[in-house]
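Trainee: I would like to learn how to read local features in a model like this one. Could we go through a few of them together?

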Amino acid sequence: EVPGRAFGSVDRIGAVWAGAGGAASWSSRRLPGRNPAAPLAAPPPVRSVIVTEFMKDPAAVSDTRGEWVEVHNRSASPIDLDGWTLRDEGSNRTVLAAPGGAGGVPGYGFLVLGRSDDPLANGGVRVGVTYSGFTLSNGADEIVLEAPGGFEIDRVDYGDGPLWPDDAGRSVSLARSAWGTDLALNPSSWCSGSSPLPAGDQGTPGAVNDACGG
């Protein structure tokens with residue numbers, strides 16, 4: 001967590017805040033238009049699950065089959081993503097459906113969310129949960145991860161170069177030193193994946209990221 005933050009504090013309506021030193025964009029918040037009288041369950045702390053890598057522009061397979069998003073659980077306890085939402089700031093939105101524990105992210109572990117779970121079609125990636133209705137732009141876009149109730153847990157607002165990695169066939173990977181901190185907001189904390197995947201693209205879905213600069 002970022003030094004000096006009262007990270008994970010809970011306010012009187014059940015939202016988790018990053019503390020006085022945190023930017024407002026990182027506060028868990030309810031989506032507009034929801035019934036304020038509805039009961040709220042306290043969501044996981046902000047950045048307890050983070051986006052650590054994504055493939056926006058596969059080259060070995062089509063975008064329809066080869067896009068994926070890797071998330072990492074920064075806590076010791078498993079977190080089930082069934083019912084969580086993956087969206088951008090436009091019309092792309094999907095609710096993750098993974099009953100029976102299939103959407104569980106192990107403590108300190110990873111889970112890959114993808115368009116296809118067939119490794120023969122998706123470039124050789126082991127996808128834990130599939131989704132539809134959400135795509136990653138090859139240009140600028142957003143990846144927003146929300147817990148049920150509209151609580152924003154993590155987000156990535158990426159660009160289309162020159163500051164952001166923009167190499168077809170290579171994942172966009174977050175440096176380990178930036179995990180769970182405001183450094184993740186800086187494009188320089190992200191780099192192109194370099195480990196080969198079975199079909200020829202590069203990245204480390206479901207595993208510790210390549211060192212930035214690799």
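**Reading local features**

Mentor: Let us begin with the surroundings of one side chain, bearing in mind that this is a predicted model. Apart from its neighbours within four places in sequence, histidine 72 is in contact with Ser48, Val49, Ile50, Thr52, Val105, Tyr108, Gly109, Phe110 and Trp179.

Trainee: Where in the fold is histidine 72 placed, and is histidine 72 buried or exposed?

Mentor: Histidine 72 belongs to strand β4, which covers residues 68-73. Its relative accessible area is 7%, and because buried means under 20%, histidine 72 counts as buried. A polar atom of the histidine 72 side chain lies 3.0 Å from the backbone oxygen of glycine 109.

Trainee: Which residues have a positive phi although they are not glycine?

Mentor: The general idea is that most residues other than glycine have a negative phi. Here, arginine 47 has a positive phi of about 65 degrees, and tyrosine 108 has one of about 60 degrees.

Trainee: Which residues does a cis peptide bond join?

Mentor: In general, most peptide bonds are trans. In this model, however, glycine 161 and proline 162 are joined by a cis peptide bond, with omega about 0 degrees, and proline 162 is found in the loop between β12 (151-158) and β13 (172-174).

Terms used
Residues numbered from 1 in each chain as written. Predicted model: local features only at pLDDT ≥ 70, side-chain atom pairs only at ≥ 80, totals over all residues. Heavy atoms only, no water. Helix = DSSP H or I, 4+ residues; strand = E, 2+ residues; numbered from the N terminus. Buried < 20%, exposed > 50% of the residue type's maximum accessible area, 1.4 Å probe, protein only. Polar contact = N/O pair within 3.5 Å; in protein donor to acceptor, adjacent residues only side chain to side chain. Contact = heavy atoms within 4.5 Å.
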